[in-house]
Amino acid sequence: MRRATVRRVRRTAAALALLATATGCGIRGTSVPVDAGGAPSRVSCKAQDAAGVPEVPVGVPVRIYLVCSSGLVPVERTVSLPKGGTAEDRPQMARTLLTELRQQPAPGESLAGFETSVPEDLTVSGPRDGDPKDALRLNVRPEDLPSFALAQLVCTYGTRMPVDGERAAVLGGPDDAAPRHYECSDAVLRHPDTARNAAWGSRLPDAGKH
(Lines give C-alpha, C1' and ligand atoms only; values in the text may rest on other atoms or scores of the structure.)
Protein backbone atom coordinates (compact mmCIF):
# COMPACT_ATOMS: atom_id res chain seq x y z
CA MET A 1 0.00 0.00 0.00
CA ARG A 2 1.37 3.37 -0.94
CA ARG A 3 2.26 5.88 1.77
CA ALA A 4 -0.36 8.46 0.49
CA THR A 5 -3.07 5.85 0.76
CA VAL A 6 -1.97 4.98 4.29
CA ARG A 7 -2.09 8.64 5.31
CA ARG A 8 -5.63 9.02 3.92
CA VAL A 9 -6.78 5.94 5.83
CA ARG A 10 -5.26 7.27 9.05
CA ARG A 11 -6.91 10.68 8.60
CA THR A 12 -10.29 9.04 7.97
CA ALA A 13 -9.94 6.86 11.06
CA ALA A 14 -9.01 9.87 13.18
CA ALA A 15 -12.05 11.80 11.91
CA LEU A 16 -14.36 8.89 12.68
CA ALA A 17 -12.94 8.60 16.18
CA LEU A 18 -13.46 12.33 16.82
CA LEU A 19 -17.07 12.08 15.60
CA ALA A 20 -17.71 9.11 17.84
CA THR A 21 -16.30 11.01 20.83
CA ALA A 22 -18.53 14.03 20.14
CA THR A 23 -21.58 11.82 19.74
CA GLY A 24 -20.82 10.09 23.00
CA CYS A 25 -20.76 13.47 24.73
CA GLY A 26 -24.25 14.28 23.54
CA ILE A 27 -23.11 16.84 20.92
CA ARG A 28 -25.07 16.72 17.69
CA GLY A 29 -23.37 17.68 14.48
CA THR A 30 -24.66 20.58 12.42
CA SER A 31 -23.92 21.91 8.95
CA VAL A 32 -24.94 25.53 9.72
CA PRO A 33 -23.63 28.11 12.22
CA VAL A 34 -25.44 28.24 15.57
CA ASP A 35 -26.48 31.59 17.06
CA ALA A 36 -25.96 31.30 20.81
CA GLY A 37 -27.60 34.65 21.57
CA GLY A 38 -29.79 35.35 24.59
CA ALA A 39 -33.26 33.82 24.86
CA PRO A 40 -36.20 36.08 23.95
CA SER A 41 -37.71 37.94 26.89
CA ARG A 42 -41.18 36.92 28.04
CA VAL A 43 -43.72 38.55 30.32
CA SER A 44 -46.34 36.81 32.43
CA CYS A 45 -49.19 39.36 32.09
CA LYS A 46 -50.29 38.17 35.52
CA ALA A 47 -49.83 40.78 38.23
CA GLN A 48 -49.03 39.54 41.70
CA ASP A 49 -51.53 40.00 44.49
CA ALA A 50 -51.10 43.38 46.21
CA ALA A 51 -48.92 44.46 43.31
CA GLY A 52 -48.12 47.83 44.89
CA VAL A 53 -51.50 49.44 44.21
CA PRO A 54 -52.53 51.68 47.14
CA GLU A 55 -55.25 50.07 49.21
CA VAL A 56 -58.67 51.69 49.42
CA PRO A 57 -60.40 50.93 52.76
CA VAL A 58 -63.92 51.29 51.37
CA GLY A 59 -64.35 51.16 47.64
CA VAL A 60 -65.88 49.64 44.55
CA PRO A 61 -64.13 46.76 42.76
CA VAL A 62 -63.53 47.54 39.09
CA ARG A 63 -61.68 46.03 36.17
CA ILE A 64 -59.46 48.16 33.95
CA TYR A 65 -57.58 47.14 30.82
CA LEU A 66 -53.84 47.65 30.52
CA VAL A 67 -51.47 46.88 27.66
CA CYS A 68 -49.44 43.69 27.94
CA SER A 69 -47.67 41.69 25.24
CA SER A 70 -49.29 43.72 22.42
CA GLY A 71 -52.82 43.06 23.70
CA LEU A 72 -55.20 44.24 26.40
CA VAL A 73 -55.39 42.34 29.70
CA PRO A 74 -57.79 43.10 32.60
CA VAL A 75 -56.42 44.15 35.99
CA GLU A 76 -58.51 44.29 39.13
CA ARG A 77 -58.60 47.54 41.11
CA THR A 78 -60.62 48.95 44.00
CA VAL A 79 -61.61 52.59 43.67
CA SER A 80 -63.30 55.08 45.95
CA LEU A 81 -66.16 57.35 44.92
CA PRO A 82 -67.05 60.79 46.28
CA LYS A 83 -69.67 60.94 49.00
CA GLY A 84 -73.04 60.32 47.43
CA GLY A 85 -71.50 58.96 44.24
CA THR A 86 -72.53 55.56 42.92
CA ALA A 87 -71.41 53.26 40.14
CA GLU A 88 -74.50 54.39 38.20
CA ASP A 89 -73.14 57.94 37.96
CA ARG A 90 -71.58 57.48 34.54
CA PRO A 91 -69.54 60.70 34.22
CA GLN A 92 -68.10 60.33 37.71
CA MET A 93 -67.36 56.65 37.22
CA ALA A 94 -65.77 57.46 33.84
CA ARG A 95 -63.47 60.00 35.52
CA THR A 96 -62.57 57.54 38.26
CA LEU A 97 -61.71 54.83 35.74
CA LEU A 98 -59.73 57.28 33.64
CA THR A 99 -57.67 58.23 36.70
CA GLU A 100 -56.71 54.57 37.09
CA LEU A 101 -55.85 54.25 33.39
CA ARG A 102 -53.70 57.39 33.36
CA GLN A 103 -51.52 56.22 36.24
CA GLN A 104 -48.41 54.23 35.52
CA PRO A 105 -48.83 50.57 36.55
CA ALA A 106 -47.76 49.62 40.05
CA PRO A 107 -44.34 47.93 40.49
CA GLY A 108 -45.81 44.43 40.58
CA GLU A 109 -47.82 45.13 37.42
CA SER A 110 -44.78 46.55 35.61
CA LEU A 111 -42.75 43.44 36.45
CA ALA A 112 -45.53 41.36 34.91
CA GLY A 113 -45.27 43.38 31.68
CA PHE A 114 -48.19 45.81 32.06
CA GLU A 115 -48.18 49.31 30.55
CA THR A 116 -50.66 52.07 29.83
CA SER A 117 -50.91 54.21 26.69
CA VAL A 118 -53.52 56.64 28.06
CA PRO A 119 -52.18 60.24 28.09
CA GLU A 120 -51.80 61.85 31.51
CA ASP A 121 -53.64 65.00 30.40
CA LEU A 122 -56.72 63.21 29.02
CA THR A 123 -60.04 64.24 30.61
CA VAL A 124 -63.62 63.05 30.26
CA SER A 125 -67.03 64.60 30.86
CA GLY A 126 -70.68 63.71 30.44
CA PRO A 127 -72.90 64.09 27.35
CA ARG A 128 -73.82 67.43 25.83
CA ASP A 129 -77.31 68.50 24.88
CA GLY A 130 -78.30 66.38 21.92
CA ASP A 131 -75.85 63.56 22.71
CA PRO A 132 -77.05 60.05 23.54
CA LYS A 133 -77.51 59.64 27.30
CA ASP A 134 -74.67 57.09 27.45
CA ALA A 135 -72.19 59.32 25.62
CA LEU A 136 -68.94 60.57 27.12
CA ARG A 137 -66.92 63.50 25.83
CA LEU A 138 -63.10 63.55 25.84
CA ASN A 139 -60.88 66.61 25.57
CA VAL A 140 -59.26 64.92 22.55
CA ARG A 141 -61.03 63.48 19.54
CA PRO A 142 -61.12 59.69 19.96
CA GLU A 143 -59.57 59.17 16.52
CA ASP A 144 -56.60 61.33 17.55
CA LEU A 145 -55.72 59.14 20.52
CA PRO A 146 -53.08 56.40 20.25
CA SER A 147 -54.83 53.20 19.13
CA PHE A 148 -53.93 51.35 22.33
CA ALA A 149 -55.18 54.23 24.50
CA LEU A 150 -58.54 54.33 22.72
CA ALA A 151 -58.90 50.57 23.08
CA GLN A 152 -58.09 50.79 26.80
CA LEU A 153 -60.81 53.39 27.29
CA VAL A 154 -63.45 51.58 25.27
CA CYS A 155 -62.88 48.20 26.90
CA THR A 156 -62.62 49.61 30.43
CA TYR A 157 -65.76 51.72 30.03
CA GLY A 158 -67.60 48.99 28.14
CA THR A 159 -66.90 46.42 30.85
CA ARG A 160 -67.96 48.61 33.78
CA MET A 161 -70.65 50.67 32.03
CA PRO A 162 -72.05 48.65 29.10
CA VAL A 163 -74.06 50.41 26.38
CA ASP A 164 -77.38 48.67 25.72
CA GLY A 165 -75.97 45.51 27.24
CA GLU A 166 -72.91 45.52 24.97
CA ARG A 167 -69.26 45.82 25.95
CA ALA A 168 -68.97 49.15 24.19
CA ALA A 169 -68.62 52.89 24.72
CA VAL A 170 -70.05 55.97 23.01
CA LEU A 171 -67.28 58.56 22.82
CA GLY A 172 -66.97 62.02 21.36
CA GLY A 173 -64.37 64.76 21.37
CA PRO A 174 -64.31 68.47 22.19
CA ASP A 175 -65.62 69.49 18.75
CA ASP A 176 -69.17 69.46 17.41
CA ALA A 177 -68.85 66.06 15.75
CA ALA A 178 -71.40 63.50 16.94
CA PRO A 179 -70.12 60.78 19.31
CA ARG A 180 -69.45 57.39 17.79
CA HIS A 181 -70.10 53.86 19.00
CA TYR A 182 -66.99 51.74 19.75
CA GLU A 183 -67.30 48.04 20.50
CA CYS A 184 -64.75 46.18 22.60
CA SER A 185 -64.66 42.93 20.64
CA ASP A 186 -62.37 39.98 21.28
CA ALA A 187 -60.40 41.04 18.19
CA VAL A 188 -59.82 44.48 19.73
CA LEU A 189 -58.58 42.89 22.96
CA ARG A 190 -56.11 40.71 21.05
CA HIS A 191 -54.98 43.34 18.54
CA PRO A 192 -55.80 46.88 19.71
CA ASP A 193 -53.75 48.39 16.89
CA THR A 194 -55.78 46.79 14.08
CA ALA A 195 -59.07 48.32 15.24
CA ARG A 196 -58.00 51.82 14.22
CA ASN A 197 -56.78 50.60 10.84
CA ALA A 198 -60.23 49.16 10.16
CA ALA A 199 -61.95 52.54 10.74
CA TRP A 200 -63.10 51.52 14.18
CA GLY A 201 -66.16 53.30 15.51
CA SER A 202 -69.60 53.45 13.92
CA ARG A 203 -71.91 56.40 13.50
CA LEU A 204 -75.02 56.34 15.68
CA PRO A 205 -78.16 56.22 13.56
CA ASP A 206 -80.13 58.29 16.06
CA ALA A 207 -77.41 60.83 16.88
CA GLY A 208 -78.83 64.25 17.62
CA LYS A 209 -82.29 62.94 18.47
CA HIS A 210 -81.76 62.69 22.26
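Colleague: What makes Ser69 stand out in the hairpin of strand 1 and strand 2?

Modeller: In this predicted model, Ser69 takes a positive phi near 55°. The hairpin has two residues between its strands. Most residues other than glycine have a negative phi.

Colleague: And what is the phi of Ser70?

Modeller: Ser70 has a phi near 70°, again a positive value in a residue other than glycine. Ser70 sits in the loop between strand 1 and strand 2.

Colleague: Why is Ser70 called exposed?

Modeller: Exposed means over 50% relative accessible area. Ser70 has 53% relative accessibility, so Ser70 counts as exposed.

Colleague: How do you know that strand 1 and strand 2 pair?

Modeller: Pairing requires at least two bridges. Strand 1 and strand 2 have nine, in the antiparallel sense, so the two strands count as paired. Pro61 stands opposite Thr78 in strand 2.

Colleague: Why is Arg77 called buried?

Modeller: The cut-off for buried is under 20%. Arg77 has a relative accessible area of 6%, so Arg77 is buried. Its place is in strand 2.

Colleague: What makes the approach of Arg77 to Glu100 a polar contact?

Modeller: A polar contact needs N or O atoms within 3.5 Å. The side chains of Arg77 and Glu100 make theirs at 2.6 Å. The side chains of Arg77 and Glu109 are joined by another, of 2.7 Å.

Colleague: Which residues have the most contacts inside the largest nonpolar core?

Modeller: They are Leu153, Val154, Tyr157 and Leu171, in a core of 40 residues. Several elements each supply at least two residues, among them strand 1 (60-68), helix 2 (90-102) and strand 5 (168-172). Helix 4 gives the most, with eight residues.

Colleague: What does Leu153 touch?

Modeller: Leaving out residues up to four places away in sequence, Leu153 touches Leu98, Leu101, Leu122, Leu138, Leu145 and Gly158.

Colleague: Why is helix 4 called mostly covered?

Modeller: Twelve of its 14 residues are buried. Those buried residues include Phe148, Leu150, Val154 and Tyr157.

Colleague: Which strands does helix 4 lie across?

Modeller: Helix 4 lies across strand 3, strand 4, strand 5 and strand 6. Helix 4 runs at about 125° to strand 5.

Colleague: What is the order of the five strands in the open sheet?

Modeller: The order is 3-4-5-6-7, with mixed pairing.

Colleague: What makes strand 3 and strand 7 edge strands?

Modeller: Strand 3 (124-125) and strand 7 (202-203) each pair on one side only. Two bridges join strand 6 to strand 7, and these strands run antiparallel. Arg180 stands opposite Arg203 in strand 7.

Colleague: Why is Asp89 called partly exposed?

Modeller: Asp89 has 32% relative accessible area, so Asp89 falls in between. Asp89 is in the loop between strand 2 and helix 2. Its C-alpha atom is separated by 9.7 Å from that of Met161, 72 residues apart along the chain.

Colleague: And why is Asp164 called exposed?

Modeller: Its relative accessible area is 70%, against a cut-off of over 50%, so Asp164 is exposed. Asp164 lies in the loop between helix 4 and strand 5. Its phi is positive, near 55°.

Terms used
Residues are numbered from 1 along each chain as its sequence is written. This is a predicted model: local features need pLDDT of at least 70, side-chain atom pairs count only at pLDDT 80 or more; totals for chains, interfaces and linings use all residues. Side-chain values use heavy atoms; hydrogens and water are left out. A nonpolar core is a set of buried Ala, Val, Leu, Ile, Met, Phe, Trp, Tyr and Cys residues joined through side-chain atoms within 4.5 Å. Buried means under 20% relative accessible area, exposed over 50%, partly exposed in between (1.4 Å probe, protein chains only). Helices (H or I, at least four residues) and strands (E, at least two) are DSSP runs, numbered from the N terminus. Contact means heavy atoms within 4.5 Å. Axes are lines fitted to C-alpha atoms, for helices over the stretch in contact, and angles run from 0 to 180 degrees between N-to-C directions. A polar contact is a pair of N or O atoms within 3.5 Å; within protein, one must be able to donate a hydrogen and the other to accept it, and residues adjacent in sequence count only if both atoms are side-chain atoms.
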